[in-house]
Amino acid sequence: MALPPPDPQFVLRGTSAAVHTLHFSCGGQETDVATLFSGSENGFIHVWNLKTHRVDTALDGHGRRSVYCVETMGSKDRLLSQGRDQRICLWNLAEGRTSVMDSIFTENVGFCRCSLLKVAQERWLMAMAAKALEEVQVLELPSKTSVCTLKPEVGAKLGMPMCLKLWQLSGGAQPLLLAGYEDGSVVLWNLSMGKALSQLVCHSEPVMSLDFDSEKAKGISGSSEKVLSIWSLNEQQNLQVYKTHKLVNAGISDITIRPDKKILATAGWDHRIRIFGWKKMKPLAVLDFHTATVHCVSFSDHRNPRERLLAAGSKDHRISIWSIYTQT
Amino acid sequence: MAVLDTPQEAFAALRPACVQLTKMQTLENVAQLRAGLALVSAPALQELQEYVLFPLRFTLKVPKPKQERLVQSVVQCIATVLATTRIKKQELLQELFSELCTCLSPLSGSSKKASPSEELKLTVIHALHTLMHSAYKDVILSLYQPSTLPLLGFAVSLLLGLAEREKAKQIKISALQCLQVLVLQCDCQEHWPLNEDEMQQCGDLFASFLPGISITLSQIITGDIKQGHKATVSAIRLFYLVVGSVMADAQLARVPKNKEKPQAEQSRIQELMVHRGPEWSRSTAEKLSLLLHKVVEFSSVHPHWKVRLELVELVQHLLRSCSQSLVGSFSHLLKALVGLVSDENGDVQSRCNEVLRGIAEQRIVVQNRALADVLSENLHALATALPRLMNSQDDAGRVSTLSLLLGYLKLLGPKVNIVLNSVSHLHRLSKALMQVLELDVTDVKIVEDRRCGPAGSLQHSLLSGRRQKKYFRFFTEEKVFQLLQQVCRVLGYYGNLYLLVDHFLGLYVESGLYRKQAAMVLNELMAGAAGLGVDVLHEREVSLSVDDLKGSIMSILDEYTDQANWYLITSIDAEEIGHEHTVQRPGLAARTGGTHSSILLPSPEPCITTRTMNSNIWQICIQLEGVSCFAAVLGKEFRLLLLSALYPVLEKAGDDTLLISETALGTLVDICEACGYDSVQHLINENSDYLVNGISLNLRQLAHQAHASQVLDTMLRHSDASLLPLVEDVIQDVLSTLDQSYNNQASTFLRVLHSVMTALVQWFCSPCGEEHQENSAAKQRSRDSSQGQQVVTGHEVERFFFDYIQQKQIAEGDLPDTGGEEADEDPSLTKLEPNGSDPEGEAPLPSHAQVAKDVMERCIHLLSDGNLRVRLKVLCTLAKNCGDFLRQRFSKDVLPKLTSSLLSQAPASARAGPVYNHTLAFKLQLAVLQGLGSLCEKLDMGESDLDKVADACLIYLSAKQPLKLQEAAQSVFFHLMHVDPDSTWLLLNEVCCPHQYEPPHASLRPVKLSGMGRQRNEFTDNVLFLLERLQQQESTTPQTGTREASPS
């Protein structure tokens, strides 16, 4: 018989609001303290010290409007956050500072998380939902120059972009963008041509989250349905349905493949975190702790694989930290 | 006196006497010369030295038989001359020396071989002594040439003979002192220090005498104690001076490898000379080792302290000068030294410590591998014998054995790792410690002492609860424990911490038998490693870094707080038994409840002896002490570990076993101190996030729910409103957990729910509290006039239980006759909300009100509880508040069972011995007796029921019953007296009546009570006591009723 699922290693409390996004920063120097950033509904970004399990600082930069995306740019001193105030803020946290260096006004009313890709030293690409409902805009950071705007063909009726994933093959190939849309389709965009390369209807409901494994050229998406859809990208850059996985309860708010591409975690509306083997989608564990919808799951980037953690943020204001399958 | 200053004058004065003496060797002439000498000044005499000495020496040399007294007088006279003059010629010294020695030998001239008289011997020895002091250094050194070896040897053997065989103490001592001068080791300061070559030369010479001297001296030292301590002391001193000079490492190192080829003319003499080569020194050291062993054994237990003090000097001297040559003897020497550290005499002790410290400071041991080997061998031997010694010795013996052990460790210092790195050594040592530290776990009281009162009173018990004294199986003396503590700390201070921690953790895990001891050792090791409370001889080279300490501490803590080591059965109370049991037999209580009389009997308990529980309690306490200790070691750094350590400690603070909870409270205080928190409150408040985490995770596991709820309970009591956002979700967790486990957890959760409510009221109701308080107080008064004074939070408690009862009634489909109450209660809840609540009524409640509402909703379900204890508790509360409703049911269903169980159990408890007090049956009897009185009073029971109660309780007034039961039975009667004094009086008098009642009128029949005139029996004392109380009660309260029969 399989072992019972573990308990959380620790539970972080004190955001006093639903947690929408999580981002680890643990891969720095050994002397650096591992850090977890969390963005919550009340507009605060909490910087958690994973040694003391306490909040080091709380950043307030989105006018108390929900923060739904937090990313670091290179080091944990440079932070990017996106909030419902229609702004993306760039933070400088070095030496205890807590100031917003720069911000981008997105004019987008949705809650599509932006996607960040480092393309060169001190140069990032960022994709975000634009002001026009169906459009995605790609900017270069930190210069904020627009790279392209991705407009669906007239009459495509994709609806709003729901989730974005910028990626590129190792070896500095062209960056590509995967976008999940309101109508349930996933579209692969070529940035330089500003053209859709392939479109695949994965769901009949809006795509809530997707993640992509560029090595295996395989991705996974979840929606409000009871289905996880796994799709692959062939050499002709066509998206194909690879398989689908039935769930017991409907609704997936977040999907993350662990950086080592061995397992993936989903955040469920049924309060549960599910762990699957990425290769065959073998269900490995159901982590039951939260008492409300889980909004986000994130894997840590610890250098030592044994220290790696999984964090999940939920509507119940709690962030659960798990240590799972670290030996495999 | 000296008046003749010039040599000329002196010569004139002394000449006649000298001439006379040369002619006629008589006593008178000698006396005349002496008289003359007294008048001559020292410088003058110096000039005439040889002139004056001549007649005297001539007298000695005259080959005819001499009177002893004459010889003595002459020698005295010579001594007088020598005392004031210096010898400048080598020949004179040698001649005088040999002449004086001749006087000591059995009179060679006479054939009788009579030994000289004692006086003469003493005089000659004295003269020799003076002679040695009067010669200049270079002159003296001429005596120490290979050519004079025979002469020296002669003198040495003579003096040794005297020291050994003479009966007179004075001669013995003088001979030994003279010998000391002879080997150039005089105590007085007049001598010039010898240079290296000279010392080497003398050493070569003395080596020839070493066998003789050392054997003889060791015989003197180990001889009859009656010879007095002075001789022994002198002998010891001489022994070590000689040995120390001949065997000195510095000298031996300079000895050439091969003996020089003797030149022809000196060959005879050279044959006598010893070559102190390696071969020689090894064999000599072996022989000396035997002698030293004998000497040390004997004098270390010598009754006179000066002898023992001299032994310390011996050890010190030899260790300092012969640490390589005599290394084989060091085990004896060090053993003696280390053993004398705890000598009964203060001087010996302090000197010993000084010497030890000196040894340590000079790093003799640290730099000398061989010595360290010796020490570790000793240590090994001692560790092997330790358990046996601890078993067989008395406490004084144990103290000395352990000081020996401690001394070895201290001396070894950093070299202790040599010992620890050897598996067998470490094994022996640790086994010994494990055996010695075995605790005595037979004390029943430890198990029996329960925490009294509610969990809340943290501060109160802090003052009283410091470290509980431990009782050990093999010793009682506190000093022994302190020594053991020091042993462990010194180990931790010098030893390789990783190795030690690893080893003792291994023992801890390996066997339950060693677990407590290993934990004790680990605690002390860590203290020692941090240098806390450790007394050492020299500083270690590198002290451990905080990270090293933290690493070790974390691994120890992980073991300590592991479920298997932290959650141990410490009590057989129903609530405490691992909940697995309850789970295994669900509904057991319900089933047995059906059979009439067994309802109150204990259910069969798992086989756990008091010893096991006692042992478990101690294990937990030791582990808690460990946490204290680790906090002290890490100081503020320990704050990081609070993440994992605070929750378990707080859990134990709420333990029902007194010892555990007190120890845990002590630990909390220690943590506060170490981490810089002002108070326990502060500590809990600051770390409530860690605690909440522990609580929520533990709530997920059935077996730990009770503990988790206890911690939450404690935490709620010590926090403020700022905690609410943190605990909110935990309270929800508690409630949902409760939802899943009404069967077995209700009673524990009840307490938490109660404290949640109390806390909420405290945190949020203070502004409107006053009004609310009055309101509810008034309500109470009107409802129950007999209610006594309430404690401050009484109304809250009341309110909570009211709600509870109400729910119960609703649940049972019985609407109470006090129907209005229901309406009263709900508003009190809504009062918790701020006054200006949303007019629409749809807005969410403030979080505290929401929590309160949720708690209340749960109370509905709390009523169908299967646990007897909960039911009894509930019953009393119910009775207090709605007697009417309950009375009937109580008298019909409950009372018969209670009384019949009391009756059936009475014979058992009357027969039982003191152990009975610890059985569950006893506790149930006690609980019933304690509760029954107030229950009857509250319920306002009818007469027949009261009779039943009185009958059942009467037998417990018997003196044969355990005292506690008697007291409880008395309490029942106190209540009965309140309810119905008259019938109680009658009942008691039926048993025993102290008074005769005279009828006031002759026509009335005399009162006959069956208790009258009875023999004193088992009930008498208690009944008389009760009657007395009844009398007091009746005389203080004005009575309205009629009372024909009662005496007034």
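Chain B exposes about 47700 Å² of surface, and carbon and sulfur atoms supply 53% of that area. Please keep in mind that this is a predicted model. For chain A, the accessible surface comes to about 14100 Å², with 49% of it belonging to carbon and sulfur atoms. The table sets the two chains side by side.

| Property | Chain A | Chain B |
|---|---|---|
| Helices and strands | zero helices, 28 strands | 50 helices, zero strands |
| Buried residues | 56% of 328 residues | 53% of 1048 residues |
| Share of contacts (residues at least 6 apart) that join residues at least 24 apart | 43% | 77% |

**Inside chain B**

The largest nonpolar core has 274 residues, and within it Phe97(B) and Phe638(B) touch the most other members. Helix H32 of chain B, residues 610–634, gives the most to this core, contributing 13 residues. Apart from this core lies another one of 44 residues, which includes Leu902(B), Leu926(B), Val928(B) and Val949(B). As a general point, nonpolar side chains in soluble globular proteins tend to be buried together.

What is Phe97(B) in contact with, once its neighbours within four places in sequence are left aside? The partners are Leu128(B), Leu131(B), Met132(B), Leu143(B), Leu151(B), Leu152(B), Ala155(B) and Leu182(B).

The buried residues in H17(B) are Phe330(B), Ser331(B), Leu333(B), Leu334(B), Ala336(B), Leu337(B), Val338(B) and Leu340(B).

Is Glu524(B) buried or exposed? Glu524(B) has a relative accessible area of 13%, so this residue counts as buried, the cut-off being under 20%. Not counting residues up to four places away in sequence, Glu524(B) touches Gln485(B), Cys488(B) and Arg489(B).

**A hairpin in chain A**

Turning to chain A, strand S18 covers residues 207–213 and is mostly covered, as six of its seven residues are buried. S18(A) pairs with strand S19 of chain A, residues 218–223, in the antiparallel sense over six bridges. Within this pairing, Asp211(A) stands opposite Ile220(A) in S19(A). Four residues lie between the strands of the hairpin, and Ala217(A) takes a positive phi near 50°.

**Where the chains meet**

Finally, the interface. The size of an interface is often given as the accessible area lost when the parts come together. Here, the area buried between chain A and chain B is about 1400 Å², and carbon and sulfur atoms give 46% of it. Asp7(A), Arg13(A) and Arg54(A) supply 43% of the area that chain A buries against chain B, more than any other three residues. The contact takes 16 residues from chain A and 16 residues from chain B.

How many salt bridges does the rule find across the interface of chain A and chain B? There are two salt bridges across this interface. Arg54(A) takes part in a salt bridge with Asp689(B), their side chains meeting at 2.9 Å, N to O.

Definitions and conventions:
Residues are numbered from 1 along each chain as its sequence is written. Chains are lettered from A and ligands numbered from 1 in the order in which they are written. This is a predicted model: local features need pLDDT of at least 70, side-chain atom pairs count only at pLDDT 80 or more; totals for chains, interfaces and linings use all residues. Side-chain values use heavy atoms; hydrogens and water are left out. Helices (H or I, at least four residues) and strands (E, at least two) are DSSP runs, numbered from the N terminus. Buried means under 20% relative accessible area, exposed over 50%, partly exposed in between (1.4 Å probe, protein chains only). Contact means heavy atoms within 4.5 Å. Accessible areas come from the Shrake-Rupley method with a 1.4 Å probe; for residues, only the protein chains shown count as cover. A nonpolar core is a set of buried Ala, Val, Leu, Ile, Met, Phe, Trp, Tyr and Cys residues joined through side-chain atoms within 4.5 Å. Two strands pair if DSSP finds at least two bridges between them. Buried area is the accessible area (1.4 Å probe) that two parts lose on being put together, summed over both. A salt bridge is a side-chain nitrogen of Lys or Arg within 4 Å of a carboxyl oxygen of Asp or Glu.
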